[in-house]
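Keep the sequence and the 3D view open while you read.

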Amino acid sequence: MNINHVNARSIITITKLKKADYTINPYIGCTHGCAYCYAEYMARFSGHKGEKWCSFLDVKENYTFPSDKFQDKNILIGSATDPYNHFEKQFEKTRSILQYLTDSLAHIEVLTKSPMILRDIDILSKIKNVTVGFSLSASDEIARLIEPYAPPPSERIKAMRILHSAGITVFAFISPVIPFFSDYQTIVKAIKEHVAYVGFENLNLRGSFKSEVFALIKEHFPNMSQKFASIYYSKQAFYRYWHIQERGIHKFMQTMGNLPYKMYFFHDDNKKE
Ligand code: SF4
């Protein structure tokens, strides 16, 4: 892993994402190696053109925190990195940002795949309005292939239970829902007592990671390869498949009592105009 320390003028960025007003990414790059990572385009915009995503990590330094308290704004920590990637243990950038945000009037959302966040329960408990989201996509067995360096989903689920018991609002982000491989029903049943809501995002395949995901499926599940790829052959096939899945999720969630859920299918709908 190529680690760099880079000067960052600011740490809080206005975002076009519908679900947030600002994003904070304490690092550029990541360590989890998810085959479907939407953030890999960041390599081109951060002086790492040609370098493989998850082979480098830029640690942001020397930024100043704005004095703004961001009243009623939504701040998402971890839109293009895991704020609890393996090196957070050493650099504690996310921890220091959370410390700064303890008197913020914003709604803070932290998105991660790592139980390392448990280290920061002391600070999370002090923030007035904070939610922790855990991304979960598949079983431990499948996750080992598609998210090779991320902590196993079963460990994430344990961490969610601990955070919930500590009084911190937790949600599950079933992302991405991977055709034929994401058993979201089992995941939701395992976490429903510990989360405030569940989000669902489908697997969009764009950019260079499309061929990587196809190659991975072909290598490990050759019998599924053609069926999987057919979903991504054309826009029509894509929308047809995911509209059916959407209906399936709505139907399933009706059986989960009053557990609220949100759909983040079709990325174009997730951006502000
Ligand atoms: S944890 Fe998130 S940012 Fe990191 S590689 Fe996986 S999808 Fe990308």
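Asn7 stands opposite Glu61 in strand 5. That pair belongs to the parallel pairing of strand 1 with strand 5, which has 6 bridges. The model is predicted.

**Strand 5 and its partners**

- Strand 1 covers residues 2–7, and strand 5 covers residues 56–61.
- Strand 5 also pairs with strand 4, residues 27–29.
- Strands 4 and 5 run antiparallel and share 3 bridges.
- Ile28 has Asp58 of strand 5 as its bridge partner.

- Which residues cover the two faces of strand 8? Val130, Val132, Phe134 and Leu136 lie on one side, with Thr131, Gly133 and Ser135 on the other.
- Both of these faces are covered.
- Strand 7, residues 107–112, pairs with strand 8 in the parallel sense. The pairing has 5 bridges.
- Within this pairing, Ile108 sits opposite Val130 of strand 8.
- Strand 9, residues 169–177, is also parallel to strand 8, over 6 bridges.
- Here Gly133 stands opposite Phe171 of strand 9.

**The largest nonpolar core**

- The largest nonpolar core holds 58 residues.
- Which members touch the most others? They are Ile75, Ile77, Ile108, Val132, Val170, Ala172 and Ile174.
- Strand 9 gives the most to this core, with 6 residues.
- Val170 has a list of contacts beyond its neighbours within four places in sequence. Val132 and Phe134 are among them.

**The ligand shell**

- Which residues surround the ligand? The shell consists of Cys30, His32, Gly33, Cys34, Cys37, Ala39, Cys54, Thr81, Asp82, Lys113 and Ala150.
- By class, the shell has 6 nonpolar, 3 polar and 2 charged residues.

**Val188 in helix 6**

- Val188 lies in helix 6, residues 184–191.
- Is Val188 buried or exposed? Val188 counts as buried because it has 22 C-beta neighbours inside 10 Å, and the cut-off for buried is 20 or more.
- Leaving aside neighbours within four places in sequence, Val188 is in contact with Val198 and Met256.
- Asn62 is 126 residues from Val188 along the chain. Their C-alpha atoms are separated by 41 Å.

**The chain as a whole**

- The protein chain has 9 helices and 11 strands.
- Its C-alpha trace spans about 55 × 45 × 35 Å along the principal axes.
- How does the radius of gyration fit a compact globule? For 273 residues, such a globule would have a value near 19 Å. The protein chain has 18 Å, so the two agree.
- Of the 273 residues, 36% count as buried.
- Take the contacts between residues at least 6 apart in sequence. Of these, 75% join residues at least 24 apart.

Key: Residues are numbered from 1 along each chain as its sequence is written. This is a predicted model: local features need pLDDT of at least 70, side-chain atom pairs count only at pLDDT 80 or more; totals for chains, interfaces and linings use all residues. A residue is near a molecule or strand if its C-beta atom, placed from the backbone, lies within 6 Å of it. Ala, Val, Leu, Ile, Met, Phe, Trp, Tyr, Cys and Pro count as nonpolar, Asp, Glu, Lys and Arg as charged, and the others, Gly among them, as polar. A residue is buried if 20 or more other C-beta atoms lie within 10 Å of its own, exposed if 12 or fewer, and partly exposed in between; C-beta atoms are placed from the backbone. Helices (H or I, at least four residues) and strands (E, at least two) are DSSP runs, numbered from the N terminus. Two strands pair if DSSP finds at least two bridges between them. The radius of gyration is taken over C-alpha atoms; the globule rule is 2.2 Å times the number of residues to the power 0.38. Two residues are in contact if their C-beta atoms, placed from the backbone, lie within 7 Å. A nonpolar core is a set of buried Ala, Val, Leu, Ile, Met, Phe, Trp, Tyr and Cys residues joined through C-beta atoms within 7 Å.
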